[in-house]
Amino acid sequence: MAQPDTKKVFFENLSGTGKAIAVLTSGGDAQGMNAAVRAVVRMGLYVGAKVYFIHEGYQGMVDGGENIEEASWESVSSMLQVGGTVIGSARCKEFRSHEGRLKAAHNLVLQGITNLCVIGGDGSLTGANLFREEWSGLLTELVDQGLIEADAVQKYSALHIVGMVGSIDNDFCGTDMTIGTDSALHRIIEVVDAIMTTAQSHQRTFVLEVMGRHCGYLALVSALACGADWVLIPEMPPEDGWEDKMCQKLSATRSRGTRLNIIIVAEGAIDRHGTPITSGIVKDLVVKCLGFDTRVTILGHVQRGGTPSAFDRILASRMGVEAVLALLETTANTPACVVSLCGNQSVRLPLMECVQMTQEVQRAMDGKRFEEAVKLRGRSFENNLRTYKLLAHRKPESELPVSNFNVAVLNVGAPAAGMNAAVRSAVRVGISEGHKMFAVSDGFEGFYKGQIREIKWADVGGWTGQGGSLLGTKRTLPAKHVEKIAEQMRMNNINALLIVGGFEAFLSLLELITARGKYDEFCVPMVMVPATVSNNVPGSDLSIGADTALNAITTTCDRIKQSASGTKRRVFIIETMGGYCGYLASVGGLAAGADAAYIYEEPFDIKDLQANVEHLTEKMKTSIQRGLVLRNENCNENYTTDFIYQLYSEEGKGVFDSRKNVLGHMQQGGAPSPFDRNFGTKISAKAMQWVTKKLTETFRHGRVFANTEDSCCLLGMRRRALVFQPVVQLKDETDFVHRIPKEQWWLKLRPLMKILAKYKTSYDVSDSGQLEHVIRNRPKESDASVAM
């Protein structure tokens, strides 16, 4: 396939020839660890290094022998979709002793290993750093004992360590998301969604206990994702008298006609005095005070199990490749680092800075400095907590500010999972800020027909877990009906617009800005929140709905590949949605372990197709039994899915047979993923706060009048932050013919997919993480972290 130009060609600048890299998983297991192991092995082999598995974590390093095994390309096949860790993990007391580390050093030197990639929690990473610091002394001891030759001290003088955090608790400071957290949230939300249906049938209250002995991230984010009535976490214990407040909240919710209550409790939840609050205590309290039929569900190790989500596979694959890069670039003076995620970007942070910050959180909690503990957890955690409080607890009418502003919310474009979460968030934040909120049905088509109604706090209860668009959405653009829409704006006294939608929403705002010259009704603050499975909106790296679509693609690809298990060799050609945008095909291909992904942005010809067939043929002659090829629906008008299927069928005769699948609208359906629920909730809350600010700024002489470029914005995620961008300024970044941005960040992930599929390709490292420092979260910092 045609290759993009790169600023740096990786294999010409950095070589792993002569180096030995070992990868191990330690501590508790987490979904996605296998994807990280696979990426380390394949990237390591790609650059010419020897790569070793260390089975059973540090125990295997101490025991040596068969526990340290050389890895091959084929040895990591078919492990991407497997949960847990196939190389095993164990807690090792012996490694905590000097004698144990001496044995481990001896076993590594015997194999010539001086590069370690450790996937685990803060305990595992702290142990690795101590091992590194002791390394030269340990080698000297081994020479004194006659176990290694004297020249080995010089030859293996430095031990290089890179960490990746694998923990479902997301309790490690310095990274927005740890490997396994998103998958654990999937397990929790699957259970919550199932429980809500039975709870509604019987008007029950359910108390769910989730993991998190020292960190309440899972409890907090799952509460945000399902709209739980109450959440209890160790970092922010409830104020004294919380029992009465909780019961009042549950009673008020029921009195508004809701048939169920959900309370989520982290297993480490405590009160202000350090007394544990268990799920049993909460249940007894609800029964005693309210008499509600109440049940307890303890999720336990279900949260650790199951197949990794698309997010975790992509995160782990990116981190694994980044870890190998970091190991090859390290010197004797480079501190041990951890590869991490900040917003949407890979970063490298000094390992011990992160560990010390993580330990500071626990010290703050032990010292009952809970506000400080929340800030130390980082921007992502603090923003989640702030947003949950804003949306879950309604202030009494007497405490609400009175703004006298009317704000309309509408969906535009195709439906995307997570739209309803975004609308719910906008409505509730708007009401909290004193606005009167209006819902517009069926986009601009409903707008000009007058399908506008006031929407209240309770009207959006239970919306977070609903797929599609409950408001209704259409692709109709406003230009043809601009006069009628202006009339409706005037009749309903609409002072601001918040639009949740895809490329059509972007085009709509451009049309409304043009109409400002003729109609003053459009001289109001307008903001757009991107929501489309295609992820083709300019100005944002991610769109609401894209993660749910990726999970649908990944799950389906897993099943399709499994259908060929035990049969003859087979290649599957799978068509994805996306219009001209290849995001779903490319990133879905990375998550599903595809051999190729054909997209419009990277032109290809018959020679490339032939090369791909030959490449698959060679792989099929070894131990690989199944191949996977993804094709974006509009990648090429001549090389259709049928054409590629027939080509592969013909050219693969005698080696493999082919099958084709068109995934279609299943990519748009289903309940939104935890990521889309939370992304939609947080980005929409931020958009509504911007609307409030702009309304205040532009209210002059008894009316709102906003006609500057910065009063009509798109709120998008750019690398590490959420950014408001005037839509007029995004025109130059947009290919309007093909409805895609001119530059797309995910194209840099395509070489990664090819490398992991055993293609020789160039890899651009100009954007790879440079060593940074952990920044303590400051109280004034308001930039929302977008990763959950």
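Start by selecting Arg 91, Lys 93, Arg 96 and Arg 213, which gather in a patch of positive charge on the surface. A patch is made of residues with over 30% relative accessible area and no salt bridge, with like charges joined within 9 Å. Lys and Arg count as positive, and the place of a charge is taken as NZ of Lys or CZ of Arg.

This is a predicted model, in which local features need pLDDT of at least 70 and side-chain atom pairs count only at pLDDT 80 or more, while totals for chains, interfaces and linings use all residues. Residues are numbered from 1 along each chain as its sequence is written, and side-chain values use heavy atoms, with hydrogens and water left out.

Stay on Arg 213, in the loop between strand S6 (205-210) and helix H8 (217-226). Helices (H or I, at least four residues) and strands (E, at least two) are DSSP runs numbered from the N terminus. Arg 213 counts as exposed because its relative accessibility is 57%. The classes are buried (under 20% relative accessible area), exposed (over 50%) and partly exposed (in between), with a 1.4 Å probe and protein chains only.

**Strand S10**

Next, select residues 337-342, which make up strand S10; 6 of its 6 residues are buried. One side carries Cys 337, Val 339 and Leu 341, the other Val 338, Ser 340 and Cys 342, and both faces are covered.

Two strands pair if DSSP finds at least two bridges between them. Met 164 has Val 339 of S10 as its bridge partner.

S10 and S11 form a hairpin with 2 residues between them, and Gly 343 in the turn has a positive phi of about 65 degrees.

**Salt bridges**

The structure holds 34 salt bridges. Each is a side-chain nitrogen of Lys or Arg within 4 Å of a carboxyl oxygen of Asp or Glu.

Select Arg 377 and Glu 235, whose side chains meet in a salt bridge at 2.7 Å, N to O. This pair links distant parts of the chain, 142 residues apart: Arg 377 is in helix H13 (residues 370-377), and Glu 235 is in the loop between strand S7 (230-232) and helix H9 (242-255). Both Arg 377 and Glu 235 are buried.

Then select Arg 272 and Glu 239, a salt bridge with its closest N and O atoms 3.7 Å apart. Arg 272 is in the loop between strand S8 (261-266) and helix H10 (279-290), and Glu 239, 33 residues apart from it, is in the loop between S7 and H9. Arg 272 counts as partly exposed at 22% relative accessibility, and Glu 239 is partly exposed with a relative accessible area of 48%.

Move to Arg 718 and Glu 733, where the side chains meet at 2.8 Å, N to O. Arg 718 belongs to strand S24 (residues 712-718), while Glu 733 is in the loop between strand S25 (721-726) and strand S26 (734-735). Arg 718 is partly exposed at 31% relative accessibility, as is Glu 733 with a relative accessible area of 32%. Elsewhere, select Lys 693, Lys 694, Glu 697 and Asp 710, which salt bridges with shared partners join into one network.

**Strand S12**

Finish at strand S12 (residues 406-412), which is largely enclosed by the rest of the structure because 7 of its 7 residues are buried. Strand S13 (residues 436-440) pairs with S12 in the parallel sense over 5 bridges, and Asn 406 stands opposite Lys 436 in S13.

Note on methods: Patch = residues over 30% accessible without salt bridge, like charges linked within 9 Å, V, L, I, M, F, W, Y side chains within 5 Å. Areas by Shrake-Rupley, 256 points an atom, 1.4 Å probe, with all protein chains shown as cover.
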